[in-house]
Amino acid sequence: MTQPTFDIFSGQPGQDAIWVEAVVGLSNARERMQQIAAKEPGTYFVFSPTDRSVLAQIETFKKIDNSKAKTARS
């Protein structure tokens, strides 16, 4: 029995989402989405072309590097 393929997109569902890649198996797709989001912060979702539905979604943010921030002195 073959596992279904799921699509990973960046962006918001129903808006200007950009296809990233296809992954076999839902658990693999969720894991891969998390890997992509950790490397390149943003909004991502797993889409089932069979059901035409969003099955998982994640949003990550870039970390702010405070070591380069200048502090004001009185």
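1. Overall surface. The accessible surface of the protein chain amounts to about 5,900 Å², and carbon and sulfur atoms hold 50% of that area. The coordinates are those of a predicted model. Of the 74 residues of the chain, 26% count as buried.

2. Order of elements. The protein chain contains one helix and four strands. Read from the N terminus, these elements follow the order β-β-α-β-β. Among contacts in the chain with a separation of 6 or more, 36% join residues 24 or more positions apart.

3. Pairing of strand 1. Strand 1 pairs with strand 2 in the antiparallel sense over six bridges, and with strand 3, also in the antiparallel sense, over four bridges. Ser10 takes part in both pairings: Ser10 stands opposite Ile18 in strand 2, and its bridge partner in strand 3 is Tyr44. Asp7, for its part, stands opposite Phe47 in strand 3. Strand 1 is mostly covered, with five of its six residues buried.

4. Strand 3 and its cover. Strand 3 has six of its six residues buried. In a regular strand, side chains alternate between the two faces of the sheet. In strand 3, Thr43, Phe45 and Phe47 lie on one side and Tyr44, Val46 and Ser48 on the other, and all are buried, so that both faces are covered.

5. The hairpin of strands 3 and 4. Strand 3 and strand 4 pair in the antiparallel sense over six bridges. Thr43, for instance, has Glu59 in strand 4 as its bridge partner. The two strands form a hairpin with four residues between them. Arg52 has a positive phi of about 55° although it is not a glycine. Is Arg52 buried or exposed? Arg52 is exposed, because its relative accessible area is 68% and the cut-off for exposed is over 50%.

6. Geometry of helix 1. Helix 1 covers residues 26-39, which makes 14 residues.

7. In soluble globular proteins, nonpolar side chains tend to be buried together. Here the largest nonpolar core has ten residues: Phe6, Ile8, Val23, Ala29, Met33, Ile36, Ala37, Tyr44, Val46 and Ala56. Strand 1, helix 1 and strand 3 each supply at least two residues of this core. Helix 1 contributes the largest share, four residues.

8. Val23. This residue is found in strand 2 and belongs to the core described above. Val23 is buried because its relative accessible area of 11% falls under the 20% cut-off. Val23 and Ile8 are 15 residues apart in sequence, and their C-alpha atoms are 7.6 Å apart in space. Not counting residues up to four places away in sequence, Val23 touches Pro4, Thr5, Phe6, Ile8, Asn28, Ala29 and Arg32.

9. Val20. Val20 is also placed in strand 2. With a relative accessibility of 29%, Val20 counts as partly exposed. Val20 and Phe9 are eleven residues apart in sequence and 5.1 Å apart in space, C-alpha to C-alpha. With neighbours within four places in sequence left aside, the contacts of Val20 are Ile8, Phe9, Ser10, Ile36 and Tyr44.

Key: Residues are numbered from 1 along each chain as its sequence is written. This is a predicted model: local features need pLDDT of at least 70, side-chain atom pairs count only at pLDDT 80 or more; totals for chains, interfaces and linings use all residues. Side-chain values use heavy atoms; hydrogens and water are left out. The expected span of a helix is 1.5 Å times one less than its number of residues. A nonpolar core is a set of buried Ala, Val, Leu, Ile, Met, Phe, Trp, Tyr and Cys residues joined through side-chain atoms within 4.5 Å. Buried means under 20% relative accessible area, exposed over 50%, partly exposed in between (1.4 Å probe, protein chains only). Two strands pair if DSSP finds at least two bridges between them. Contact means heavy atoms within 4.5 Å. Accessible areas come from the Shrake-Rupley method with a 1.4 Å probe; for residues, only the protein chains shown count as cover.
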